Amino acid sequence: MSQTNADAVCTWVDQMLDQQKHNSPAAQASAYAPSNIALSKYWGKRETSFNLPITGSLSISLAQHGTRTGLSVIDAPQHQVILNGAAIDANSSFAVKVCQWLDRVLPSDLKLRIDTHNTVPTAAGLASSASGFAALTLATNTLMGWQLPEHQLSALARLGSGSASRSLWHGFAKWQAGQLEDGSDSIAFPLTQQWPQLRIGLLTISSQIKAVSSREGMARTIATSALYKQWPQQAQTNLAAIESAITEGDFETMAATAEHNAMSMHATMAAAWPPLVYWQPESLIQMQKVWQLRQQGLPLYLTMDAGPNLKLLYEAKHQTDVQAAFPDVQVISPFG
Ligand code: PMV
């Protein structure tokens, strides 16, 4: 990012928080945010320091799978980051990102203990960073008494992790790419549509930390994959198709477009150099099983983020068939 751009973003954050940055904090606060899975993916940044995306994206949140973050004010020289009950190394990439985010929005003399509990495996492509930064943003808003409107909270969450901008709500959320240099219009908002019959099935192939972060993967894809050139156009077309399928309650179009979008994203990554393949052999076995079942008439689709795990998309009336085929599936009802 150019210095001018960085200054523009800092000015925008400062203006947004205005005097509130110096509110007296409450002693503690906590918040929950669900993780989310993009049906139309974000893959590629037009600006890297503040996670400004090349395209818009649209997601569904994962109900009880997410992050609860507790904050308390401490009398210490540094923030203290606790992940799932254990203090973590201040130099780990998670702690560094959390502290950078806090230092951008808080007065420099205010130090916090950040107690983060994930109910999704950390860094397994199940987007714990999305729910993590969304919960951190919501908890900080409460701790500091900011009372910021949701679109500003979304922009603040995005500074921590792009997909976090979509994780402040349950249900569908759309993140508009925005055009402004300072990123203040790169924000997400919830869609009003509900889809109580929609189910997401998590097939966890591995919960190991992924070898290549999304940030690095996106940069490599843009720099070296010739297939990336077609991605922005496809992402835009897919997003519009998914949004209208949601409005019309057209499951097949919504889920087929989401699967096509995910496969296309993974194809752009595979064409990067060195090749970027997040799948494991077991991922492909499960994908082929999905395609076979679909050929046999089961309306079952899949999507995958930057990791080896599958997320199945189907409707409640096919629960028994899905569970029979995938006994280990973890079922999520995003609308309760
Ligand atoms: O927000 P990040 O940096 O974790 O990137 C998310 C990238 C994908 O999960 C692959 C796609 C998306 O839109 O969530």
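**Ligand site and domain interface**

**View 1. Placement of the ligand in the predicted model.** The ligand lies between domain 1 (3-190) and domain 2 (198-332), because both domains give residues to the shell around it; the bounds come from an automatic or database domain assignment. This is a predicted model, in which local features need pLDDT of at least 70 and side-chain atom pairs count only at pLDDT 80 or more, whereas totals for chains, interfaces and linings use all residues. Residues are numbered from 1 along each chain as its sequence is written, and side-chain values use heavy atoms, with hydrogens and water left out.

View 2. Ligand oxygen atoms are placed 2.6 Å from a side-chain N or O atom of Ser163 and 2.7 Å from one of Arg166. For Tyr42, a polar backbone atom lies 2.9 Å from a ligand oxygen. The protein covers 92% of the 380 Å² of accessible area (Shrake-Rupley method, 1.4 Å probe) that the ligand has on its own.

View 3. The C-alpha centres of domain 1 and domain 2 are 25 Å apart.

**View 4. A salt bridge between side chains.** Lys41 and Asp305 form a salt bridge at 2.5 Å, N to O; the criterion is a side-chain nitrogen of Lys or Arg within 4 Å of a carboxyl oxygen of Asp or Glu. Between domain 1 and domain 2 the count is 2 salt bridges.

Conventions:
Polar contact = N/O pair within 3.5 Å; in protein donor to acceptor, adjacent residues only side chain to side chain.
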